[in-house]
Amino acid sequence: LLETQPIAGLVDAYAEAFKRKHGAWQNTLQGLASDGRTAAVWGAGTKGVIFLNMLGALASQVELVIDQNPRKHGKHIAGVGTRISGPSTLAGSGVKLVIVMNPLYVPEISAQLSALGVTADVVTA
């Protein structure tokens with residue numbers, strides 16, 4: 001007989017962690033909106049698509065989706081429809097929070113933002 005109790009416990013723990021993380025992002029994005037500030041997601045690959053769709057209606061609080069790949073520019077994120085743009089779009093955009101999908105790229109993205117004159121907080125999803 002297969003022992004399912006450890007698996008059930010892992011599933012419950014995952015569901016609880018997801019609820020906490022989802023709630024934290026809801027609070028962050030609602031706080032930005034109430035302060036009149038905007039956010040951008042950096043990364044239009046699978047992680048970015050899933051992240052934005054997980055947000056549901058709050059995805060509308062994300063003004064821009066940024067991706068380095070010029071073949072993605074002008075396209076839209078499946079499900080939520082947010083337009084994908086290049087990094088230079090951030091210059092002068094007023095974005096105050098950049099949510100990075102891949103933490104390995106935070107130093108490179110931070111350097112690009114600095115070069116563009118963008119003063120935004122950079123966090124990882």
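Student: How many residues does the largest nonpolar core have, and which of them have the most contacts inside it?

Tutor: A nonpolar core is a set of buried nonpolar residues joined through side-chain atoms within 4.5 Å. In this predicted model, the largest such core has 18 residues. Those with the most contacts inside it are L29, V41, F51, L52, L55, V65 and I99.

Student: Which elements give two or more residues to this core?

Tutor: They are the helices α1 and α2 (46–55), together with the strands β1, β2 and β4.

Student: What does the second core include?

Tutor: This core is separate and consists of 12 residues, among them W42, V100, I109 and V118.

Student: Let us turn to the sheet. In what order do the strands stand, and is the pairing parallel or antiparallel?

Tutor: In general, strands of a sheet pair through backbone hydrogen bonds, in either a parallel or an antiparallel manner. Here five strands make up an open sheet, ordered β3-β2-β1-β4-β5, and their pairing is parallel.

Student: Why is one side of β3 and of β5 left without a neighbour in the sheet?

Tutor: β3 (84–85) and β5 (121–124) stand at the edges and have a single partner strand each, so one side of each lacks a neighbour in the sheet.

Student: How many bridges join β1 to β2?

Tutor: Strand β1 (residues 38–42) and strand β2 (residues 62–66) run parallel and are joined by four bridges. Within this pair, A40 is placed opposite L64 of β2.

Student: Where does helix α1 lie?

Tutor: Helix α1, residues 5–34, lies across β1, β4 (95–100) and β5, and runs at about 160 degrees to β4. Helix α3 (residues 106–116) also packs on the sheet, where it touches β1, β4 and β5. The direction of α3 makes about 160 degrees with that of β5.

Student: What can be said of the chain as a whole?

Tutor: Its C-alpha trace spans about 60 × 35 × 30 Å along the principal axes. Of the 125 residues in the chain, 33% are buried. The chain exposes about 7300 Å², of which carbon and sulfur atoms supply 58%. Among contacts between residues at least 6 apart in sequence, 59% join residues at least 24 apart.

Terms used:
Residues numbered from 1 in each chain as written. Predicted model: local features only at pLDDT ≥ 70, side-chain atom pairs only at ≥ 80, totals over all residues. Heavy atoms only, no water. Pairing = 2+ DSSP bridges. Contact = heavy atoms within 4.5 Å. Axes fitted to C-alpha atoms, helices over the stretch in contact; angles between N-to-C directions. Buried < 20%, exposed > 50% of the residue type's maximum accessible area, 1.4 Å probe, protein only. Areas by Shrake-Rupley, 256 points an atom, 1.4 Å probe, with all protein chains shown as cover.
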